[in-house]
Amino acid sequence: MRTFAVTSILLPLLASFIPQASATALTTAVAANQRLCFHADADKKGEKIGFYFAVQSGGSFDIDFEVTAPDGKVLLEGKREKQGDYVFTANSVGEYTFCFENDMSTLTEKLIDFDIM
């Protein structure tokens, strides 16, 4: 009985010292002829923003993408890309927009894994 009491107290205490890992990767479907956008806020000027994506299924495994700054300026764009991994510096505070577009496909949806860090 004493072992149980010590274990029930020590395990939660020890667990609090283990670093927590978190994953924010998402998977989404982009229908044929659809434009789908996600948003991330930069809280301070000079902040680094990471963006990763990979097409998992659909057609030729390709997608168009565009990343825009809060002022509407296009920062990154690509046509018929299979995957991408980018890091850029936020030159202004505000909402950055990350869009995927499946205009090249008339019937096939694309399944995309992506992460905004």
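Reply: Strands β2 (35–42) and β7 (94–101) run antiparallel and are joined by 8 bridges. Within this pairing, L36 has F100 of β7 as its bridge partner. The model is a predicted one, in which local features need pLDDT of at least 70, side-chain atom pairs count only at pLDDT 80 or more, and totals for chains, interfaces and linings use all residues. Residues are numbered from 1 along each chain as its sequence is written, and side-chain values use heavy atoms, with hydrogens and water left out. Strands are DSSP runs of E with at least two residues, numbered from the N terminus, and two strands pair if DSSP finds at least two bridges between them.

The two strands belong to an open sheet of 4 strands in the order β2-β7-β4-β5, with antiparallel pairing. Because β2 and β5 each have a single partner strand, they stand at the edges, and one side of each is left without a neighbour in the sheet. Neighbouring strands of this sheet are turned by 10 degrees against each other on average, direction ignored; the axes are lines fitted to C-alpha atoms, and angles run from 0 to 180 degrees between N-to-C directions.

R80 counts as exposed, at 52% relative accessibility; exposed means over 50% relative accessible area, buried under 20%, and partly exposed in between (1.4 Å probe, protein chains only). N33, located in the loop between β1 (26–30) and β2, also is not a glycine and has a positive phi, of about 65 degrees. N33 is partly exposed, with a relative accessible area of 47%. Most residues other than glycine have a negative phi.

Strand β3 (residues 48–57) pairs in the antiparallel sense with β6 (residues 83–89) over 7 bridges, and F51 has Y86 as its bridge partner there. The pairing of β3 with β8 (residues 110–116) is also antiparallel, over 6 bridges, and joins A54 to D113.

The largest nonpolar core has 20 residues, of which F53, Y96, F98, F100 and I112 touch the most other members. Such a core is a set of buried Ala, Val, Leu, Ile, Met, Phe, Trp, Tyr and Cys residues joined through side-chain atoms within 4.5 Å. Strands β2, β3, β4 (63–68), β7 and β8 each give two or more residues to this core, and β3 gives the most, with 4 residues.

Rings of Phe, Tyr and Trp (its six-membered ring) pair if their centres lie within 6.5 Å; planes under 30 degrees apart count as stacked, over 60 as edge-to-face and the rest as tilted. By this rule there are 12 aromatic pairs. One of them is the tilted pair of F38 and F114, at 4.5 Å centre to centre and 45 degrees between the planes. Because F38 lies in β2 and F114 in β8, this pair ties together parts that are 76 residues apart in sequence. F38 is partly exposed at 22% relative accessible area, whereas F114 is buried at 3%. F53 and F65 form another tilted pair, at 5.0 Å and 50 degrees. This pair links β3 to β4, with its residues 12 apart; F53 is buried at 0%, and F65 is buried at 4%. One aromatic cluster includes F38, F53, F65, Y96 and F114.
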